[in-house]
Structures are given as structure tokens and as C-alpha cells.
Amino acid sequence: MNKYSMEQDIFSLLKDDNTIEVPEKLFAFEGHFPNNPIVPGIYTLELAVECLAKKLQKKITLKKINRCKFNQPVLPGMKLKTKITLVTCDDNLQKAKIQFFCKENNVLDANIIVEINNN
Amino acid sequence: MDKYIPQRPPIQVVDKIISQEEGKIICEVDWPSKTFFIRKDNSCILPVMVEMVAQTSAVMLGMREKNNKLGMLTAVKNFEFYSSPRPDEKILVEVNIDGELGFHKIVQGKIFQNKKLLAKGYIFLYLSEKK
């Protein structure tokens, strides 16, 4: 097992009030990209899933990304507000719309389906 | 891989080109070594499969564009996750260019482990000039 994992990076980004603060240094920046730090899309997607899990206060598993738009790069120093809209829930499958904003700009717009884990 | 894509560890996930032809490529991921994407409870961070498709596409486009351009992920569509990867086996990532409009590319990706389909979907890339 690595000494450091992406999970630790994600927890350091996501605050208790479901806002996101990108520090100047993040383990991911070593590889994305050297001398040109940009938060990877995989991080933004995982943050969307974690924000939803926090809102639902349940463990969830990502099942489908219906549509997700990365409208602008997420950079060191950015503070993002999150907006989560629950759409429908059938048979433990929750549809949700997740948006991230930096000031007034929409950074991420995602429609996803997750499975709510009851165990 | 370093020739074709700008990602480096721990974010670089694609390790080897298995086959390639016009508009299609298959790359290998040495998944047992990618523990960075495993949570404490041993579950996989599933969006890594989107990253696999994005990087495999970037390898293909990097070869085609003679490495002068950088592929930026702009959107994901109809990307379904069927199963988590097993921790002990390599992964194959197959991508095909589904559509192109100038610098915008639509790519279909499929992810397999031991012939089992783990995930599939579409990503959108924008090719920009390398700085």
C-alpha cells in the first residue's frame, strides 16, 4: 500500500461545510502536471461523489455519469462552493445534479447516479 | 508513456501500448501497482476508470498529433460503472474515436479486466497547443 493515497488528498480538499479549498500543495500536483498544477478531473469527479455522500449521510457507490461538464480548470488557491440537487431515488439508485462554483463561475456541472449502500 | 502524455505518477495510470491502429488503441494498466487509487476500506475510487480512458485517448492523440498538442478532458457522457477492478490483475483500456470536430474529439472507452467489462462510456477532449 502507498504511504499516501488519493483518498487523503480528497479529505484535505473537502471541508466540513461541503465547500472545497484547493491548497497550493497537493500530492496529485507532482504528476498533474509537473510545474503546471491543475486538479485532475478524477479528483473533481470524486469530490462530487463525496459531497453527495456527505449530503445523504450514507455510503454510496458511483454507478453512472449521465453527463458531466468541466467548464474551467480547478487551480491551486481556488475556493469552490457546492450545490447538490437530489433528483429521484428508485430502488436505492439516487440521481443527483452536482455543481461546483468559483465565485459566480460554474466550474463543474454533473448529473450522476449512485447506489445507496445499505450495509 | 512519458513521450505521449504529460501525466506523471501518482496520476499516470496507463503503462503500456498493447495495440494501435487508425482511430483505435488498446493500452494496459498495471493495476496491482496503482494502490494510490484504493481507499482505506480497500474499495476502488471508481472515477479512475474515466482517467484511464482519458489517458489512453491522450496516448493515441499524442502519437497522431506528433506530440504537439495536449488533450484536455472537457466532458463525460453516459459513463457506466459495472464492477470494481480486482486488485490483483492488469486492466486493458480500449478507446475509439467516435467523432471529431476540429480540435474537439469524442472518444468511446471500454475497460476490461480478464475479458470482463468493468466500465464503458464517452469522454470529450479538447486539443490545445502545448505550452
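**Figure 1. Salt bridges across the whole structure.** Eleven salt bridges turn up over all chains in a search of the whole structure; a salt bridge here is a side-chain nitrogen of Lys or Arg within 4 Å of a carboxyl oxygen of Asp or Glu. Side chains of opposite charge can pair when their charged atoms come close. This is a predicted model, in which local features need pLDDT of at least 70 and side-chain atom pairs count only at pLDDT 80 or more, while totals for chains, interfaces and linings use all residues. Residues are numbered from 1 along each chain as its sequence is written, chains are lettered from A and ligands numbered from 1 in the order in which they are written, and side-chain values use heavy atoms, with hydrogens and water left out.

**Figure 2. A salt bridge between Glu28(B) and Lys90(B).** The closest N and O atoms of this pair are 3.7 Å apart. Glu28(B) sits in strand S2 (residues 24-29) of chain B, and Lys90(B) in the loop between strand S3 (69-81) and strand S4 (91-101) of chain B, so the pair ties together parts that are 62 residues apart in sequence. Helices (H or I, at least four residues) and strands (E, at least two) are DSSP runs, numbered from the N terminus. Are these two partners buried or exposed? Glu28(B) counts as buried at 13% relative accessibility, whereas Lys90(B) is partly exposed, with a relative accessible area of 46%. Buried means under 20% relative accessible area, exposed over 50%, and partly exposed in between (1.4 Å probe, protein chains only).

**Figure 3. Glu100(B) and Arg64(B) meet in a salt bridge.** Here the N to O distance is 2.7 Å. Glu100(B) belongs to strand S4 of chain B and Arg64(B) to helix H1 (residues 48-64) of chain B, so to speak two distant parts of the chain, 36 residues apart. Glu100(B) is partly exposed, with a relative accessible area of 43%, and Arg64(B) is partly exposed at 30%. Another salt bridge to look for joins the side chains of Asp88(B) and Arg86(B) at 2.9 Å, N to O. Asp88(B) counts as partly exposed at 46% relative accessibility, and Arg86(B) counts as partly exposed at 46%. Which residues are joined into one network by salt bridges that share partners? They are Glu22(B), Arg64(B), Glu100(B) and Lys105(B).

**Figure 4. Aromatic rings of Tyr4(A) and Phe27(A).** Five aromatic pairs are found over all chains. Rings of Phe, Tyr and Trp (its six-membered ring) pair if their centres lie within 6.5 Å; planes under 30 degrees apart count as stacked, over 60 as edge-to-face and the rest as tilted. The ring centres of Tyr4(A) and Phe27(A) are 5.0 Å apart and their planes lie at 55 degrees, so this pair is tilted. Tyr4(A) is in the segment before helix H1 (6-13) of chain A and Phe27(A) in the loop between strand S1 (20-21) and helix H2 (41-56) of chain A, so the pair ties together parts that are 23 residues apart in sequence. Tyr4(A) is partly exposed at 30% relative accessibility, and Phe27(A) is partly exposed at 28%. Ring pairs also bring in chain B, linking Tyr4(A), Phe27(A), Phe36(B) and Phe37(B) into a cluster.

Figure 5. Phe79(B) is buried, with a relative accessible area of 0%, and Phe81(B) counts as buried at 3%. Strand S2 (residues 60-70) of chain A pairs with S3(B) in the antiparallel sense over five bridges; two strands pair if DSSP finds at least two bridges between them. Phe79(B) is the bridge partner of Ile65(A). S3(B) also pairs with strand S6 (residues 116-129) of chain B, in the antiparallel sense over ten bridges, and there Phe81(B) stands opposite Ala119(B).

**Figure 6. Surroundings of Gln12(B).** Gln12(B) lies in the segment before strand S1 (16-21) of chain B and counts as buried at 13% relative accessibility. The side chains of Gln12(B) and Asp2(B) are joined by a polar contact of 3.0 Å. The side chain of Gln12(B) also reaches the backbone oxygen of Gln7(B) at 2.8 Å.

Definitions and conventions: Polar contact = N/O pair within 3.5 Å; in protein donor to acceptor, adjacent residues only side chain to side chain. Contact = heavy atoms within 4.5 Å. Lists of a residue's contacts leave out its neighbours within four places in sequence.
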